[in-house]
Amino acid sequence: MGDNAISREKISLPPADYSLKIESFKLLSESTVESFESGVFKSGGYNWKLVFYPNGKKNDGGKDHLSLYLKIDDSNPHSDGTWNVNVYYKLFVYDQLSNQYLVVQDAKAPMRRFDRRKGEWGFGKFLDLATFNEPSNGYLVDESCVFGAEVYVVKPTGSEEILSLVSEPDDGTYRFTIPAFGSVGDTVQRSGEFTVGERNWKLVVYPAGSGGDRGNYLTVSLKLADYQKVTPKKPVYAEFKFKIPNQYSRNRAGAEQTVKYFFNSAAEKESSKFLSRDDLYDTTKGYLPSNETLVVEVQFVVVSVIKANT
């Protein structure tokens, strides 16, 4: 691994999972043994070791460097030869003068997969020997040094969901009838709950309009009614049409507006400049006949359905 793929920073907190103190470092570095393995430590349900090369692992670019690696231990029980363990890890060396830790980790690929073919990950160029041996840097004091590791194992949850977009869902049209609409004034009208795409909805009608449409337009809104009741709360995509039919003749066009929206909360999605109040109360238009019964419809064109894949 090239040095440009390594991130280094100093922090005050010690490694959370394991520390290894080495004394008489000079004797260790002058021995004929190329590498040393620590004792076993546990993290994330697995057994691990640190592997330390005091004079660098030459075939991993470690010339004139210390090399340090995290190794998954052979004592781990694996069900078969296809096992793998995904891990975020950090390796440490202690600055004894500043009481801080130099943390070394992968910069471009922080998660590594340990498996039968590759059971060891780390850094050939963990720290250059000149920096390590310089007394003022605090890494080697009285021939002692301290290394460490943090290991976070990423475990699959087994959860899986299937997102489907249903076109023209069954029972996808709902009609909300408001009698004596002319006498409701500005009172907001709310329908009962109805079900489309396995979720519950409501229609809301603002006779005097809402937001920027207030005073000039009738506002119709669709609300995802069961958002607070469903756990986990899953967002729903819907494409739908607000409609106010012409009650004089089916052959004459009514008011219609298509809306596309991603419902990720209990918020309503309102119409925009849907039907002017002037047109609504113009009896020649057919929206509000002499009996003053208003009919508002919502027709779902597409709705998303999320199911757990068991």
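User: What is the volume of the largest pocket?
Analyst: This is a predicted model, in which local features need pLDDT of at least 70 and side-chain atom pairs count only at pLDDT 80 or more, while totals for chains, interfaces and linings use all residues. Residues are numbered from 1 along each chain as its sequence is written, and side-chain values use heavy atoms, with hydrogens and water left out. A pocket is an open set of points on a 1 Å grid over the protein atoms alone, where a 1.4 Å probe fits and protein lies on both sides within 12 Å along at least five of seven lines. With volume taken as the space filled by probe spheres set on the points, which are joined across faces, edges and corners, the largest pocket has about 280 Å³.

User: Which residues lining the largest pocket are the closest to its centre?
Analyst: Lining residues have an atom within 4 Å of a point. There are 15 of them in the largest pocket, and the closest to its centre are Arg175, Pro245, Asn246, Ser249 and Arg250.

User: Which strands each supply at least two residues of that lining?
Analyst: Strands here are DSSP runs (E, at least two residues), numbered from the N terminus. The strands that each supply at least two lining residues are β18 (236-244), β19 (255-263) and β22 (294-308).

User: Which residues of the largest nonpolar core touch the most other members?
Analyst: A nonpolar core is a set of buried Ala, Val, Leu, Ile, Met, Phe, Trp, Tyr and Cys residues joined through side-chain atoms within 4.5 Å. Buried means under 20% relative accessible area, exposed over 50%, and partly exposed in between (1.4 Å probe, protein chains only). Of the 36 residues in the largest core, those touching the most other members are Trp48, Leu70, Val87, Leu91, Phe126, Phe132 and Phe147.

User: How many residues are in the other core, which lies apart from it?
Analyst: This other core includes Trp201, Phe240, Ala255 and Leu288. Its number of residues is 32.

User: Why is strand β8 described as largely enclosed?
Analyst: Strand β8 covers residues 100-106. It is largely enclosed by the rest of the structure because 6 of its 7 residues are buried.

User: How many bridges join β7 to β8?
Analyst: Two strands pair if DSSP finds at least two bridges between them. Strand β1 (residues 6-11) runs antiparallel to β8, with isoleucine 6 opposite aspartate 106. On β7 (residues 84-95), also antiparallel to β8, valine 93 stands opposite leucine 102. The number of bridges between β7 and β8 is 5.

User: Which residue of β11 is the bridge partner of leucine 91?
Analyst: Strand β11 (residues 145-154) has 7 of its 10 residues buried, so it is largely enclosed by the rest of the structure. It is joined to β2 (residues 18-22) by 5 bridges and to β7 by 8 bridges, in an antiparallel arrangement. In β11, the partner of leucine 91 is alanine 149.

User: Is tyrosine 69 buried or exposed?
Analyst: Tyrosine 69 belongs to strand β6 (residues 65-72). With a relative accessible area of 3%, tyrosine 69 is buried.

User: Is serine 183 buried or exposed?
Analyst: Serine 183 is found in the loop between β13 (173-178) and β14 (189-190). Its C-alpha atom is separated by 8.6 Å from that of glutamate 292, 109 residues apart along the chain. With a relative accessible area of 57%, serine 183 is exposed.

Note on methods:
Helix = DSSP H or I, 4+ residues; strand = E, 2+ residues; numbered from the N terminus.
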